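Subject: Model for you to look at

Hello,

Here is the structure I promised to pass on. Please open it next to this email; my notes follow below.

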Amino acid sequence: MRSLLRSNTLDVDTLYQLIRTAQGFVDAMEKARATGRPFHNDSLKGKTVTTLFHEASTRTRLSFELAAKNLGATILPFPVEQSSLKKGESLEDTLETLIAMGVDAVVLRHAQDGIHLELDKHTHGRLALLNAGDGMSDHPTQGLLDVLTLYQQAGYNFDDLKKLRLGIVGDIKHSRVVTASLTLAKKLGVQVKLHAPDALAPSPATLDRWKQELQLKDSPEFDLETLLAQVDVIMALRLQKERLSASETPEALEALVQKIQLTPDHLARYNRVKLMHPGPVNWGVELHADLAKHPKSLINQQVRNGVAIRMACLIWAL
Ligand code: NCD
C-alpha cells in the first residue's frame, strides 16, 4: 500500500504512469457512455475506501467516491459531524479503528497543514492515506487532474506538453491548488507564469523555494494582459475569502477583483487561450459571470478528468 501525501514526492515516471492510466479510463468511460453500456472494472474489488472530509468539498469527495465505485471497491463515507471525532477522539485513534475494521484506503481533507505526513507516520504501510487537500499546503490529486487536462491540450503528447505555456492567476497566496498544479506542471516541463496583486502574491520565501525547487524562472507578472499575451492556458484560482484577513474592506476586495478577474473580452482578444479553474468558482469575482459555459472553458473537462485521475491514484495506492 502506498500513500499520496505530497505533490513534490511524485517522480516524473509516476506522473507519466498516472496520466496514461487515467487517460485510459477517460477513453473507456467515454466509450461506455457512447455505446450505452455501463463502465465496468473490478480492479479494486474487495477493497474498502473511506472518505474523511474535515473541510467542505463537492468535486474532490464525490469524484473519489465515484472513482472507488467505478473500480468495484466498497465506499465507506465518514460523517465527521456525527463521529467520535466530535467527542474528542484523535485522528490517530480514528485511523486505528478504521484499520481494525479492515479499511484499505482513507481519503482525507483537513484544515491543518502537513497533517497527512504526521498521520502517515502512525499508519505507515497499514493503510493508504490519500491527501485530498491540507490547509493552504497541497492538493496532489487536483494538481494531477490539472496536468491530465494540460496533457490533453498538448495533443496527448508528453513532448508537446513541454511547449505548453500555463498562466496561473489570482489568489496564489492562500491556494493549496497552486502548489500542486505548479509543482506537477513544472515537473512535466510545462512553462508556467504567475500573476497576482501584492495582497495575493506568494511570500518571498515561498517564491524562492519555487524558484529553487521547481526552477520557476520569473517573479509573478505584474500585469494580467502581459501574462495573457504569453500563455496558451490560463488557470484562475478561487479567491479564498475564508482565508483572507477579516480586515480586508469591501473596497480593497473590489480592487483585487479588478486586478485578477478574467472576462469574455480577455478570451476574445487572446483567442488562443483556454480557461481552467479548479472550482468552486466565485462567479463575478475571479471569473466574470458571462464565462459560465464559455466555449474556451475546460472546467467541466477538469471535473471529468478528476474521476479518472482518482481512479488511477486509488489503483496506484492499493
Ligand atoms: C479546491 C480546494 O478545496 O482546494 N477545490 C477543489 O478541490 N476543486 C479549490 C478551492 O477551494 O478553491
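The count of salt bridges comes to 16. A salt bridge here means a side-chain nitrogen of Lys or Arg within 4 Å of a carboxyl oxygen of Asp or Glu. One of them joins the side chains of E30 and R33, at 3.7 Å from N to O. Both residues lie in helix α1 (residues 12-35). They are 3 residues apart, about one turn of the helix. Helices (H or I, at least four residues) and strands (E, at least two) are DSSP runs, numbered from the N terminus.

Some ground rules. This is a predicted model, so local features need pLDDT of at least 70 and side-chain atom pairs count only at pLDDT 80 or more, while totals for chains, interfaces and linings use all residues. Residues are numbered from 1 along each chain as its sequence is written, and side-chain values use heavy atoms, with hydrogens and water left out.

Now the sheets. Two strands pair if DSSP finds at least two bridges between them.

An open sheet of 4 strands runs in the order β2-β1-β3-β4, with parallel pairing. β2 (74-78) and β4 (128-134) are the edges: each has a single partner strand, so one side of each has no neighbour in the sheet. The twist averages 15 degrees from one strand to the next. For such angles, axes are lines fitted to C-alpha atoms (for helices over the stretch in contact), and values run from 0 to 180 degrees between N-to-C directions. Strand β1 (residues 48-53) is joined to β2 by 5 bridges, and the two run parallel. T51 has P77 in β2 as its bridge partner.

Another open sheet of 4 strands has the order β6-β5-β7-β8, again with parallel pairing. Its edge strands, β6 (191-195) and β8 (274-276), each pair on one side only. Neighbouring strands in this sheet are turned by 25 degrees against each other on average, direction ignored. β5 (residues 165-169) and β7 (residues 233-236) pair in the parallel sense over 4 bridges. I168 has M235 in β7 as its bridge partner.

Next, the backbone. Most residues other than glycine have a negative phi, and most peptide bonds are trans. Two places to check:

- The peptide bond from G279 to P280 is cis, with omega near -5 degrees. P280 sits in the loop between β8 and α12.
- Y156 has a positive phi, near 60 degrees. Y156 lies in the loop between α5 and α6 (158-161).

A cavity is a set of points on a 1 Å grid over the protein atoms alone where a 1.4 Å probe fits but cannot get out; lining residues have an atom within 4 Å of a point. Points are joined across faces, edges and corners, and a volume is the space filled by probe spheres set on them.

There is 1 cavity of 30 Å³ or more. The largest cavity holds about 70 Å³ of space. Its lining is R59, T60, S63, Q142, L145, P278, Q302, V303, G306 and R310. α2 (59-70), α5 (140-153) and α12 (299-317) are the elements that give two or more residues to this lining. The largest share, 4 residues, comes from α12. Domain 1 (7-139 + 303-317) and domain 2 (140-300) each supply at least three lining residues; the bounds come from an automatic or database domain assignment.

Best wishes

Methods
1 Å grid on protein atoms, 1.4 Å probe; cavity = no way out; pocket = protein on both sides within 12 Å on 5 of 7 lines; lining within 4 Å.
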